[in-house]
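Dear colleague,

Please find the structure below, followed by a summary of what was found in it.

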Amino acid sequence: MVEQFVGKWTLVSSENFDEYMKAVGMSFATRQMGNLAKPNLVISVGDDGVISIKAESTLKTTAIKFKLNEEFDETTADGRSARSIFTIENGKLVQKQSWGGKTTTLEREVQDGKLTAKCIMEDVVAVRTYEKAA
């Protein structure tokens, strides 16, 4: 089920991401960097079932490794300490991230050869679209 996500993906569009970062509580400086970054996502799955998502940009590279349905500690790109869990729901790779009494959801989905990441924080929704790199 995760196989469709595997590969290298290049960010091609980003809608409402600044508002999402604001809703999550990121500082102005962090949001400026987040808006400038055009990350490539590299998603892979090991033989042991461990999934790796690496976000590479000229400003910063972050990586997380996890198994589906197993909660883990994550340090986010903006330095928050969060608890995350990934599940597969209706063909989507869904990440729930919780910290300080807050929760955000990231839904990643592959459709028509594109990967969309829908970032949801309360009533704020951002959509980032990636195309598979050649």
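Glutamate 131 is partly exposed, with a relative accessible area of 35% (buried means under 20%, exposed over 50%, partly exposed in between; 1.4 Å probe, protein chains only). The model is predicted: local features need pLDDT of at least 70 and side-chain atom pairs pLDDT 80 or more, while totals for chains, interfaces and linings use all residues. Residues are numbered from 1 along each chain as its sequence is written, and side-chain values use heavy atoms, leaving out hydrogens and water.

Glutamate 131 meets lysine 114 in a salt bridge, at 3.3 Å from N to O (a side-chain nitrogen of Lys or Arg within 4 Å of a carboxyl oxygen of Asp or Glu). Lysine 114 lies in strand E9 (residues 114-121) and glutamate 131 in strand E10 (residues 124-132), so the pair ties together parts that are 17 residues apart in sequence. Strands are DSSP runs of E, at least two residues long, numbered from the N terminus. Lysine 114 is also partly exposed, at 34%.

The whole structure has eight salt bridges. Among them, aspartate 73 pairs with arginine 83, with the closest N and O atoms 2.9 Å apart. Aspartate 73 belongs to strand E5 and arginine 83 to strand E6 (residues 81-89), so this contact links parts 10 residues apart in sequence. Aspartate 73 is exposed, at 61%, whereas arginine 83 is partly exposed, at 33%. Glu71, Asp73 and Arg83 are linked in a network of salt bridges.

The 10 strands form an open, antiparallel sheet in the order E4-E3-E2-E1-E10-E9-E8-E7-E6-E5 (two strands pair if DSSP finds at least two bridges between them).

Yours sincerely

Methods
Helix = DSSP H or I, 4+ residues; strand = E, 2+ residues; numbered from the N terminus.
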